[in-house]
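Subject: The structure, and some notes on it

Hi there,

Here is the structure I promised to hand over. Have a look at it first, and then read on for what I found.

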Amino acid sequence: MNPIIAANWKMNLTKSEVELFINKSNQIMASLTNIDLIIGPAFPYLNLVANQLLNGEVAAQNISEFKSGAFTGDVSAEMIKSCGVNTVILGHSERRHKFNETNDMIKNKLNLCETYNLKPILCVGETLEERKSGQLEHVIKTQLDVLTPFKHEYYIAYEPVWAIGTGETATPEIAEDVHAYIRNIIGNQPPILYGGSVNSKNIEGLLKMPNIDGALIGGASLKIDEFSEILSISNALERVSK
Ligand code: PGA
């Protein structure tokens, strides 16, 4: 299986910066065949990226928990699907912690993913407090429970909250421990990405772990040189097959 490298651009980049980035990424990806690339731009650029990205998938960063109607400012699953998007990041810790998104809301979004045939990247992860107080497994298990009735394909992204945007990455061993725990619960099929301060210096060590199938990358995915370095390193790695 190719490593999956997913960029989460969050609320960054203007339209011209997005166009420039996609242009460069198309040039780089033309010679890299061992990577599955996913780009997650903000809503206004979904259509543009879906049309211009040659080697890769586009992902939305969120969808509304509601199907349609009077929800000013929300963007629905059906809308992103109609823009050529097949993948969506769900339950990112910034949504959970800054916008009070609950597991019940994420469950509603997963139902809409089933209706509109969208592949979710479900983010799970513990805070430092939860880790220190021994609740790690309970938190992850509860966050994964929303998948119980989910029948379609999906990805998991393990993103320890204490490692996101902080420069503090989980060591490959710490991440692998949690990935192995998740693998035990969800089985062999769904890819499990790691996220949290991934960069060109730590990507290799992370991807060498048997249960780390790829990375969800925020800050380092915004700089084209750093991101292409990550792509080249990942492309050159031989993954241990499960
Ligand atoms: P980071 O973000 O790489 O900047 O830590 C990762 C994420 O939030 O998905």
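The side chain of Ser-228 reaches back to the backbone oxygen of Asp-225, at 3.2 Å. Ser-228 is part of helix α10, which covers residues 224-236. With a relative accessibility of 14%, Ser-228 counts as buried, because the cut-off for buried is under 20%. If you look for Ile-28, you will find that it is 200 residues from Ser-228 in sequence, yet the two C-alpha atoms are 7.0 Å apart in space. Please keep in mind that this is a predicted model.

Another serine to look at is Ser-200, in the loop between β7 (192-195) and α9 (203-207). Ser-200 is buried too, with a relative accessible area of 12%. Which residues does Ser-200 contact, leaving aside its neighbours within four places in sequence? They are Glu-226, Glu-229, Ile-230 and Ile-233.

Next, the ligand. There are 13 residues around it, and those that come nearest are Lys-10, His-92, Glu-159, Gly-165 and Ser-197. The shell divides into four nonpolar, seven polar and two charged residues.

- Glu-159 brings a polar side-chain atom to 2.7 Å from a ligand oxygen.
- Asn-8 has a polar side-chain atom at 3.4 Å from a ligand oxygen.
- Gly-219 places a backbone N or O atom 2.8 Å from a ligand oxygen.

How much of the ligand does the protein bury? Taken alone, the ligand exposes 280 Å², and 95% of that is buried by the protein.

Glu-94 is found in helix α4. Leaving aside neighbours within four places in sequence, Glu-94 is in contact with Lys-10, Phe-99 and Ile-164. Its relative accessible area is 23%, so Glu-94 is partly exposed. Pro-160 is 66 residues from Glu-94 along the chain, and their C-alpha atoms are separated by 11 Å.

Now to helix α7, residues 136-144, where the buried residues are Leu-136, Val-139, Ile-140, Gln-143 and Leu-144. Why do they sit on the same side of α7? They do so because they cover an arc of only 130 degrees around the axis. The buried residues of α7 pack against several elements, namely α4 (93-98), α5 (103-115), β5 (119-124), α6 (128-132), β6 (155-158) and α8 (172-186).

Asp-145 is in the loop between α7 and β6. At 34% relative accessibility, Asp-145 counts as partly exposed.

Ser-64 is found in the loop between β3 (57-60) and α3 (77-82), and it is buried, with a relative accessible area of 5%. One is with the backbone nitrogen of Phe-66, at 2.9 Å. The other is a polar contact with the side chain of Asp-74, at 2.7 Å. Not counting residues up to four places away in sequence, Ser-64 touches Asp-74, Val-75, Ser-76, Lys-109 and Leu-112.

Finally, two backbone angles. Where does Leu-13 lie? It is in the loop between β1 (4-8) and α1 (15-29). Phi of Leu-13 is near 80 degrees, which is a positive value in a residue other than glycine. Asn-100 has a positive phi as well, near 55 degrees, and it is not a glycine either. Asn-100 has its place in the loop between α4 and α5. Is Asn-100 buried or exposed? It counts as exposed, because its relative accessibility is 59% and the cut-off for exposed is over 50%.

Enjoy looking through it, and write back whenever you like.

Best wishes

Methods. Residues are numbered from 1 along each chain as its sequence is written. This is a predicted model: local features need pLDDT of at least 70, side-chain atom pairs count only at pLDDT 80 or more; totals for chains, interfaces and linings use all residues. Side-chain values use heavy atoms; hydrogens and water are left out. Buried means under 20% relative accessible area, exposed over 50%, partly exposed in between (1.4 Å probe, protein chains only). Helices (H or I, at least four residues) and strands (E, at least two) are DSSP runs, numbered from the N terminus. The arc is that of the directions from the helix axis to the C-beta atoms. Contact means heavy atoms within 4.5 Å. A residue is near a molecule or strand if one of its heavy atoms lies within 4 Å of it. A polar contact is a pair of N or O atoms within 3.5 Å; within protein, one must be able to donate a hydrogen and the other to accept it, and residues adjacent in sequence count only if both atoms are side-chain atoms. Accessible areas come from the Shrake-Rupley method with a 1.4 Å probe; for residues, only the protein chains shown count as cover. Ala, Val, Leu, Ile, Met, Phe, Trp, Tyr, Cys and Pro count as nonpolar, Asp, Glu, Lys and Arg as charged, and the others, Gly among them, as polar.
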